[in-house]
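The following paragraphs lead through a protein model, from its overall make-up to individual residues. Please keep the sequence and the coordinates at hand while reading.

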Amino acid sequence: MKKFLLFSLLFITCLYANKPKEVLLLHSYHKGYVWSDDISKTIEKNFSKFNNIELTTVYMDTKRVADPIYLDKLANLYKQQFKKRDFDLIIASDNNAFDFAIKYHEYLFKELPVLFCGINNFDKALLDENNMKKYMTGVVEQVDLEKNFELISDLHPKLNKLLIINDRSKTGLAVKRDLRNIIPKYEDRFQVEYIDKMEIENLKEKVKNLGKNDAILFVLLFKDTTGKYFTYKQSFKEVKAVSPVPIYGLWDFYLNYGIVGGLLTSAVAQGEAISDMAFKVLNGVAITDIPTLEKSPNLYMFDHKELKRFDIDISKHVNEFVIINEPSSVYKQFTKFIVTAIVIIMILSVIVLTLRANIQRRKKVELALSNRLEFDKVLLDTIPNPIYYKNVDGKFLGCNLGFANLVNKRRDEIIGKTAFDFFDYDIALKNTNIDKELLQTFSTSTSEFTFYTSSNHMKHIILNKAVYKNIDDSVGGIVCIMDDITERVQQKQFLIQQSKLAEMGDMVAAIAHQWNEPLVELSALVQDIQTTYLLNELKDMDVKDFVNDSMIQIKYMSRTLSDFRNFLKPSTKKKLFSISKALNDINEIIGKQVFYSNIHMRFNYKNKNEELLIYGYENEFKQVLLNLVNNSKNKIIESNIDTNDKGNIDINIERCDNFNTIEIIDDGGSIDEKIITSIFEPYFTTKEDGTGIGLYMAKVIIEDKMRGTISVKNKGNDVIFTIKLPHKKV
């Protein structure tokens, strides 16, 4: 119950904390007409609970005048009257206001939502035909004529004649249309006489002459055939004063003026239903999401005085009903007093017991909370991961022993400080920006940074952050759990270097191929200079050319060794580097070895004349390329050992929206589908002398260190390795 009340309070506060809402209530009829007054009172009572709803009520007075010229003038008057008003909602009461709101919606209430109530003979098609379905919904007023006929027939089994009194107003004509289908069903039980064209005096004379087994169904009477206008009270009192028979009705506003009752359409119920819809619209619910209430909220209601006067017993025919003017005996009054007193005493007793139990419960909760806080403190200090939490301003509120040891400070020296007090400016600024984004998105974040401790030890840290909320649902700040991955990073780096060393055999073979031609060339130059010397034909120019040509070959061999050394060096920082340069460097190292292995290696750049860049570790990337090309080369050599066919390695390079794609395709035969999903696993190999770390380290470098992806698939007899890497920071 407490949660429900709290939720309701929060809901209402949120709903009405904004600017005042303006609502226009447009009545078809006039003030003093009890139906309109009851709807107004109900809406005003419900709206009065909220200070920021301003209700404006206007009356069209169409019971007295309703011709088209009058309605046009009325529209112009409202246009002038409300030109400076900014309404949020229009409520149209009864048919004339409903028709008026449809006809002049574009002129007066453009784009505004409209709710209607008290509408007789409602037709959904009317909204579609007038393009109003997206603007209008409401409550239908539906008098249940057939159930009232059944009721009258049951209460008066000897009924001789039922006199129906109506007028020719819009509502009266709507009721008349409905009666056409109902009257024939009861003509074999009793006579039905319908009157809507009679001067009031003649009508009174007819009523006065009714027999004791007759009854009246009073619909409406606001104007007789002479054009004389009546209020609802006046016309009914005139008929009631001369009627010797019970009078039944269709609307509850006649109930306390002399009708017996019936299944009555209630203005109060209409007002309650339309108020609920209004609150939804003002709360932002789309008008199209509120279905039209097509079943009118009608009630069986009776006047005890009239029932007693005509000796009518309704209990056998109606189960649920409302009785007005029922006398209350002394016993009943006394019983109500006793019951009220007992209820009050019980409520007070429950409150006292609840408060006492609540005090005991609070003591237990406080003790449990103290124990829990002590437990949480010990638990946090037991966790080896550094943990801290801070407020929305970035100031530390607390931490565990692991974090205090990491920054080499006592806990009391940490609380109230910011990240700038313990970490380098760049690291602190990056984390502050991450915190700001988290506080806006209420998401989680995982980031990585490297820093040096006070004892000059390098630490690699992963930060896992999330926003936490206070018990009142306000944002408290950010909690962070750190993961020290220094040892894992060092192990991975060691494996990367180990993987490089595993390629040493191929590298030495590559250098041998690279040096083969310059060594042959140097041998030829030496023999040539020796022959020239022996023939005594050696000239200064020959010596100079010999030196120049020899130095070219020696520099080439030196560059080969330099490329080899650079390949072995680990990259320490991420940077933007050229894909084509990396591929050219790999080609310099292994290209000739591939060529002499009877393999054609092609570099296919899909983006002509565009320098494609990758953000990552250049040497590690080269290591991956070298590993993949070496694997392809060895696989082609192995598959073509008997046939001596020429093999192919195609390297396709293409720029996409957020990443660059490198495909390495060889025709050395497909990979067995049983093992293709396992080739990136550590120490998995199909070679007798293989280490099983080459492709595993390729996956670590591409996916963990460079935030890309690497995958493999068969395409016929070809194998395709696909690398996708970002061309900017991620």
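Why is helix 4 (residues 94–103) largely enclosed by the rest of the structure? The reason is that 8 of the 10 residues of helix 4 are buried, where buried means under 20% relative accessible area, exposed over 50%, and partly exposed in between (1.4 Å probe, protein chains only). The buried residues of helix 4 are Asp94, Asn95, Asn96, Ala97, Phe98, Phe100, Ala101 and Ile102.

This is a predicted model, in which local features need pLDDT of at least 70 and side-chain atom pairs count only at pLDDT 80 or more, while totals for chains, interfaces and linings use all residues. Residues are numbered from 1 along each chain as its sequence is written, and side-chain values use heavy atoms, with hydrogens and water left out.

Across the protein chain, the secondary structure comes to 22 helices and 24 strands; these are DSSP runs numbered from the N terminus, with helices (H or I) of at least four residues and strands (E) of at least two. Of the 730 residues in the protein chain, 43% are buried. Among contacts (heavy atoms within 4.5 Å) with a separation of 6 or more, 68% join residues 24 or more positions apart.

Helix 9 (residues 200–208) and helix 10 (residues 232–242) pack at an angle of about 35 degrees, and their axes are 8 Å apart. Here axes are lines fitted to C-alpha atoms, for helices over the stretch in contact, and angles run from 0 to 180 degrees between N-to-C directions. From helix 9, Ile200, Leu203, Lys204, Val207 and Lys208 meet Glu238, Val239 and Val242 of helix 10. The residues of this contact divide into 5 nonpolar, no polar and 3 charged, with Ala, Val, Leu, Ile, Met, Phe, Trp, Tyr, Cys and Pro counted as nonpolar, Asp, Glu, Lys and Arg as charged, and the others, Gly among them, as polar. An α-helix has 3.6 residues a turn, so residues three or four places apart point the same way.

A cavity is a set of points, on a 1 Å grid over the protein atoms alone, where a 1.4 Å probe fits but cannot get out, and its lining residues have an atom within 4 Å of a point. By this rule there are 3 cavities of 30 Å³ or more. The largest cavity holds about 70 Å³ of space, a volume being the space filled by probe spheres set on the points, with grid points joined across faces, edges and corners. Strand 13 (387–391), helix 16 (425–441) and strand 16 (458–469) each supply at least two residues of its lining, and helix 16 gives the most, with 3 residues. The lining includes Tyr388, Lys390, Phe396, Asn431 and Met482, and its residues divide into 9 nonpolar, 1 polar and 2 charged.

Lys417 is placed in the loop between helix 15 (411–414) and helix 16. Not counting residues up to four places away in sequence, Lys417 touches Gly394, Lys395, Phe396 and Phe422. At 37% relative accessibility, Lys417 counts as partly exposed.

Backbone geometry provides the last topic. Asp311, in the loop between helix 12 (304–309) and strand 12 (322–324), has a positive phi of about 55 degrees although it is not a glycine. Asp311 is exposed, with a relative accessible area of 72%.

Technical notes:
1 Å grid on protein atoms, 1.4 Å probe; cavity = no way out; pocket = protein on both sides within 12 Å on 5 of 7 lines; lining within 4 Å.
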